[in-house]
Amino acid sequence: MSISIQDVEHVAKLARLDLTEEEKQTYMQQLNAILQYAEKLNELDTEQVEPTSHVMELVNVMREDESRPSWPIEQVMKNAPDEEEGQFKVPAVLE
Amino acid sequence: MSLFDMKLQDIHAKLADKQLKVSELVDEAFARIGQVDTQIGAFLTLAEEQARAEAESLDEQLAAGGERGLLFGLPMGIKDNIVTEGLRTTCASKFLDNYQPIYHATVMEKLKAAQAVTIGKLNMDEFAMGGSNENSAYHPVRNPWSTDHVPGGSSGGSAAAVAAGEVYFALGSDTGGSIRQPAAYCGVVGLKPTYGLISRFGLVAFASSLDQIGPLTKNVEDTAYVLQAIAGHDEKDSTSARVDIPDYVSSLNGDVKGLRLAVPKEYMGEGIQPGVRDAVKAAIARLESMGATVEEVSMPHTDYAIATYYLLASSEASSNLARFDGVRYGVRSDKADSLLEVYHRSRSEGFGSEVKRRIMLGTYALSSGYYDAYYLKAQKVRTLIKQDFDKVFEQYDAILSPTAPTTAFKIGEQVSDPLTMYMNDACTIPVSLAGVPAISVPCGLADGLPVGLQIIGKHFDETMVLRIAHAYEQAGDWADRRPAL
């Protein structure tokens with residue numbers, strides 16, 4: 001399996017990244033090298049192996065469904081790049 | 001002798017006898033930083049005013065006869081991916097250049113309760129991605145043993161600050177070896193605890209199933225004290241373990257007699273620099289002469305760990321870093337005219353090249369059509385790697401290996417070659433995938449640079465790992481060696 005420039009462009013779009021032409025070339029080469037190295041895993045027969053998503057056998061963690069106080073709005077807004085009346089402000093979504 | 005070369009208990013005895021004040025400790029930290037940090041570059045942000053005020057208040061408490069906390073008055077440095085209320089937290093990324101957290105990470109609350117004093121925030125690889133600290137968006141960190149060399153990554157600032165005597169201890173985070181490898185390169189002690197032992201609440205997530213906070217100190221006993229202060233269940237972290245916390249300090253009995261230790265042949269093979277192999281072999285022989293039984297074992301899936309790790313860690317990273325969108329915090333590009341452009345431009349301008357590379361790799365591995373071939377496959381191989389550890393631990397108390405295949409390499413030497421760089425973590429990554437605890441202790445020098453011995457234990461068996469490390473440290477000649485800065 002090998003990654004083309006079109007694949008790199010598609011993945012960058014999914015990842016919400018704009019890449020320069022130079023970055024596209026570099027990442028194409030480097031991702032190909034890394035994924036080629038990852039092909040190594042195919043040497044192993046894992047048909048009967050269960051995947052490990054978590055090393056400890058944890059079950060779901062629940063708490064009582066009770067309301068708790070949250071952060072004051074002005075605190076939450078403290079790091080916002082742009083805000084208005086206690087809301088995060090972004091450019092218009094609709095034309 | 002500098003106060004920073006003293007043991008915690010001796011410092012506390014001096015404080016209790018009124019021979020020493022916390023303010024003097026804090027003064028010494030800032031004086032040392034002023035003296036050496038232009039050469040080292042360990043700090044990104046200093047908390048001078050806050051630290052001095054805290055020191056004064058602790059001195060007043062002591063004068064009034066108040067109780068001393070476990071880490072009373074000790075100057076500490078915090079890796080800059082652990083959030084600190086009111087103190088800038090950047091993850092060494094331009095994206096968070098102006099980020100002022102409004103809350104403390106749980107470990108910070110615990111350290112505050114133990115009365116340690118925050119000196120500042122330590123440099124790292126951007127978002128903890130890297131093995132050399134060259135990926136910081138600000139400046140690289142230099143190894144105190146030789147400033148031409150890297151300190152290791154991603155907790156390079158934490159390891160270098162401790163090695164250079166700028167702080168008494170530091171916190172780092174370890175995803176694939178990011179505490180242990182820099183500890184080895186800088187000649188200090190670094191512990192990655194069992195996954196889930198320490199709360200990750202307030203640690204900026206890189207790969208959530210692997211990340212773990214841990215201490216870097218100059219000796220094993222101090223590591224036990226810091227661990228004591230920060231371990232324990234936290235309801236704010238759903239992956240936090242509910243286990244009883246033992247007394248780590250009293251487990252350091254200096255005795256390894258009768259312990260059964262395993263050395264996997266896969267960790268001592270080709271790729272291990274000869275000087276590193278010699279130092280580790282000598283350390284193993286020392287433990288044997290102290291009464292431990294050492295046997296060679298095989299962990300056959302070791303060779304698959306790096307590929308497994310980079311697929312899993314990058315996938316989790318691409319998902320975790322999706323929250324950096326320029327809307328709620330961090331930088332927002334001023335060139336964006338639409339919401340989609342806010343996302344694209346803010347991320348493209350804010351992230352450095354290693355972070356983008358991992359986001360790209362992770363997004364690809366999780367994308368439609370490739371999930372089974374890469375992500376699921378890696379999760380299955382992770383099971384096999386974990387089983388290797390389970391099998392060895394049926395018969396042995398701990399596993400020994402080098403911490404890193406080589407000593408610290410030169411700055412700039414590997415930066416354009418991600419695959420070679422990833423190999424630096426070959427000895428630490430399998431441990432992270434299995435979620436077991438491991439410590440790196442200094443075990444000598446090769447070509448004038450420090451070598452680390454890695455001691456790996458069963459899940460939640462930190463007492464065993466610390467006990468062996470401490471016994472070795474007491475018997476060895478390496479614990480008091482310091483770089484000539």
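Modeller: Welcome! A salt bridge is a side-chain nitrogen of Lys or Arg within 4 Å of a carboxyl oxygen of Asp or Glu. This is a predicted model, in which local features need pLDDT of at least 70 and side-chain atom pairs count only at pLDDT 80 or more, while totals for chains, interfaces and linings use all residues. Residues are numbered from 1 along each chain as its sequence is written, chains are lettered from A and ligands numbered from 1 in the order in which they are written, and side-chain values use heavy atoms, leaving out hydrogens and water.

Biologist: Which residue is linked with A:Glu9 and A:Glu21 in a network of salt bridges?

Modeller: A:Glu9 and A:Glu21 belong to a network of salt bridges.

Biologist: With which residue does the side chain of A:Glu23 meet in a salt bridge?

Modeller: A:Glu23 has a salt-bridge partner 3.1 Å away, N to O. A:Glu23 lies in helix H2 of chain A and its partner in helix H11 (residues 353-366) of chain B, so the pair joins two chains; helices (H or I, at least four residues) and strands (E, at least two) are DSSP runs, numbered from the N terminus. A:Glu23 is buried at 18% relative accessible area (buried is under 20%, exposed over 50%, partly exposed in between, with a 1.4 Å probe and protein chains only). The partner is B:Lys356.

Biologist: How far apart are the closest N and O atoms of B:Glu354 and B:Arg358?

Modeller: Both residues lie in helix H11 of chain B, four residues apart, about one turn of the helix. B:Glu354 is buried at 6% relative accessible area, and B:Arg358 is buried at 4%. Their salt bridge has its closest N and O atoms at a distance of 2.7 Å.

Biologist: How far is B:Asp59 from the nearest side chain of opposite charge?

Modeller: B:Asp59 sits in helix H3 (residues 48-63) of chain B. B:Asp59 is buried yet has no salt bridge; Lys and Arg count as positive and Asp and Glu as negative, with His and the chain ends not counted. The nearest side chain of opposite charge is that of B:Lys21, and the distance is 5.5 Å.

Biologist: Are H7(B) and H15(B) roughly parallel or roughly antiparallel?

Modeller: Helix H7 (residues 220-230) and helix H15 (residues 462-475) of chain B pack at about 155°, with their axes 9 Å apart. Axes are lines fitted to C-alpha atoms, for helices over the stretch in contact (heavy atoms within 4.5 Å), and angles run from 0 to 180 degrees between N-to-C directions. Angles under 35 degrees count as roughly parallel, over 145 as roughly antiparallel, 65 to 115 as roughly perpendicular and the rest as oblique. The two helices are therefore roughly antiparallel.

Biologist: What is the angle between H1 and H2 of chain A?

Modeller: A:Ile5, A:Val8 and A:Glu9 in H1(A) meet A:Lys24, A:Gln25 and A:Met28 in H2(A). The axes of H1 and H2 are 9 Å apart, and their angle is about 105°.

Biologist: Is B:Asp447 buried or exposed?

Modeller: B:Asp447 has a positive phi of about 50° although it is not a glycine. Most residues other than glycine have a negative phi. B:Asp447 lies in the loop between strand S10 (438-446) and strand S11 (449-456) of chain B. Its relative accessibility is 76%, so B:Asp447 counts as exposed.
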